[in-house]
Amino acid sequence: MTGAVPLACVLGGMDIVAPLAMAGIPCVVSVGRTDPARFSRHVRGAIDAMHPWREPEAYVDRLVAWAERQPVRPVLFYPTDGDLLMASRYRDRLRPAFRMCLPPAELVEDLVDKDRFHALAVRTGLRVPRSFYLRAGAGAAAGIDPALDDLALPVVVKPVDRCHAGRLLRHNAKAIRADSAAELADLCRTAVGSGVDCMVQELVPGPETAIESYHVYVDAEGRTVREFAGAKLRTEPPEFGESTAVRITDRADVLAEGRRVIAAIGLRDGVAKVDFKRAPDGGLWLLEVNPRFNLWHHPGAAAGANLPALVYADLVGGHRPEPGSIRSGVTWCEVREDLKALVRSGRSPWSWLRSVVRAHTRSTGAWSDPMPLLRGLVLPALRNRLPGPRPSGSG
């Protein structure tokens with residue numbers, strides 16, 4: 001590369017900034033006004049984020065206007081489903097302004113929509129739990145579809161996409177469990193009344209720690225550039241929650257099954273996280289495939305598999321870092337939410353502190369980059385505890 005160095009434009013926080021910073025790549029973030037990533041010493045600027053589900057056109061306009069002011073085309077990184085769909089659906093407008101690693105549009109839609117994904121998995125012979133698509137307004141108010149009787153209880157009910165998940169789910173949960181026919185009928189009526197299309201799926205037995213994942217970057221020619229595996233340690237809430245602590249692993253069957261899934265769906269020019277759940281008999285059931293950047297890329301980079309840096313190198317024509325061995329056992333935690341998870345499990349705050357200190361990576365950055373933690377989390381928490389007048393909220 002000659003001249004100006006392309007910026008990495010990250011539509012998210014520190015878990016994408018950190019691996020890029022490890023490779024010396026300059027970043028700009030598009031986040032909320034109080035997001036901790038704004039205060040990182042590795043961040044050169046910030047773009048006020050907009051809601052990718054509700055106002056994608058205006059958000060694309062803002063991003064393109066910023067990109068066109070840069071001396072060279074920046075590289076776009078998208079860490080949420082909303083960001084991914086916005087980037088994919090507006091790729092023709094974004095590509096002249098940004099370099100992007102992005103799978104084919106139809107595959108993106110197939111993977112994000114749970115009903116389309118289940119159909120794709122069945123069509124390609126992948127092992128997924130039996131499921132039923134519950135369409136809001138499809139007559140379910142008059143009675144639950146008899147096809148649901150074919151599913152073995154317990155089951156989980158989860159929105160087909162995350163755009164409207166808040167109408168049905170609470171407290172960051174990704175799904176709701178039903179152990180009886182009566183509970184399932186109530187959940188289905190609630191979903192229909194909320195106007196939320198849902199997937200009803202047979203539950204694979206076991207705790208959230210039985211969820212393991214395969215992570216990969218596949219280049220535009222369909223070649224696997226780098227891969228690694230991982231497992232959840234804790235989630236909040238404990239069942240169907242968001243990850244608050246994870247660990248990099250070297251499970252051979254997860255790696256092998258992950259490769260099989262990627263080959264079956266034909267992923268190319270993208271990154272992906274393939275989620276499995278390990279059944280009591282040791283077998284792996286495929287749950288979902290997320291073709292976007294995510295929190296796992298932070299501990300993955302610390303373990304020796306820096307997928308965002310590899311994507312950046314390919315897009316700007318740089319040299320790919322030499323692959324080395326991947327260090328199993330590297331951990332990550334989300335500092336604030338992991339405290340809730342540990343306290344809820346009956347462990348003391350001291351165990352949380354030990355966990356944070358011992359973690360190899362943290363969502364709010366490294367000890368060498370303390371401002372995201374201090375200005376983004378600690379100082380606001382202290383201000384909330386101090387007496388005196390407080391600024392009024394916007395409602």
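These are my notebook entries on what I looked up in the structure above.

**Ground rules**

I am working with a predicted model, in which local features need pLDDT of at least 70 and side-chain atom pairs count only at pLDDT 80 or more, while totals for chains, interfaces and linings use all residues. I number residues from 1 along each chain as its sequence is written, and side-chain values use heavy atoms, with hydrogens and water left out.

**Salt bridges**

I began with charged pairs. Side chains of opposite charge can pair when their charged atoms come close. I count a salt bridge when a side-chain nitrogen of Lys or Arg is within 4 Å of a carboxyl oxygen of Asp or Glu. Searching the whole structure gave me 24 salt bridges.

I looked up D110 and R116, and their side chains meet in a salt bridge at 2.8 Å, N to O. For burial I use relative accessible area: buried is under 20%, exposed is over 50%, and partly exposed is in between (1.4 Å probe, protein chains only). D110 is buried at 11%, whereas R116 is partly exposed at 35%.

Next I checked R260, which forms a salt bridge with E257; their closest N and O atoms are 2.9 Å apart. Both residues lie in helix α8 (residues 252-265), 3 residues apart, about one turn of the helix. My helices (H or I, at least four residues) and strands (E, at least two) are DSSP runs, numbered from the N terminus. R260 is partly exposed, with 38% relative accessibility.

My last pair was D275 with K273, where the closest N and O atoms of the salt bridge are 2.7 Å apart. Both D275 and K273 are buried. I also found one network, in which salt bridges that share partners join D219, E221, R223, D314 and R320.

**A surface patch**

Which residues form a nonpolar patch on the surface? I found W350, L353, V357 and W367, with about 480 Å² of accessible area together. Patch members have over 30% relative accessible area and no salt bridge; like charges are joined within 9 Å, and nonpolar side chains (Val, Leu, Ile, Met, Phe, Trp, Tyr) within 5 Å. The areas come from the Shrake-Rupley method with a 1.4 Å probe, and for residues only the protein chains shown count as cover. W367 sits in the loop between β15 (361-362) and α13 (371-385), and this residue is exposed at 53%.

**Two helices**

I then turned to α11 (residues 335-344) and α12 (residues 349-358), whose axes come within 9 Å and cross at roughly 140 degrees. That angle makes α11 oblique to α12; I call angles under 35 degrees roughly parallel, over 145 roughly antiparallel, 65 to 115 roughly perpendicular and the rest oblique. The axes are lines fitted to C-alpha atoms, for helices over the stretch in contact, and angles run from 0 to 180 degrees between N-to-C directions.

Most residues other than glycine have a negative phi, and most peptide bonds are trans. I noted a cis peptide bond between L153 and P154, with omega about 0 degrees. P154 is in the loop between β5 (131-134) and β6 (155-159). The bond from E236 to P237 is also cis, with omega near -5 degrees.

P237 belongs to the loop between β10 (224-236) and β11 (242-249), and F240 is found in the loop between β10 and β11 too. F240 is not a glycine, yet has a positive phi of about 60 degrees; F240 is buried at 12%.
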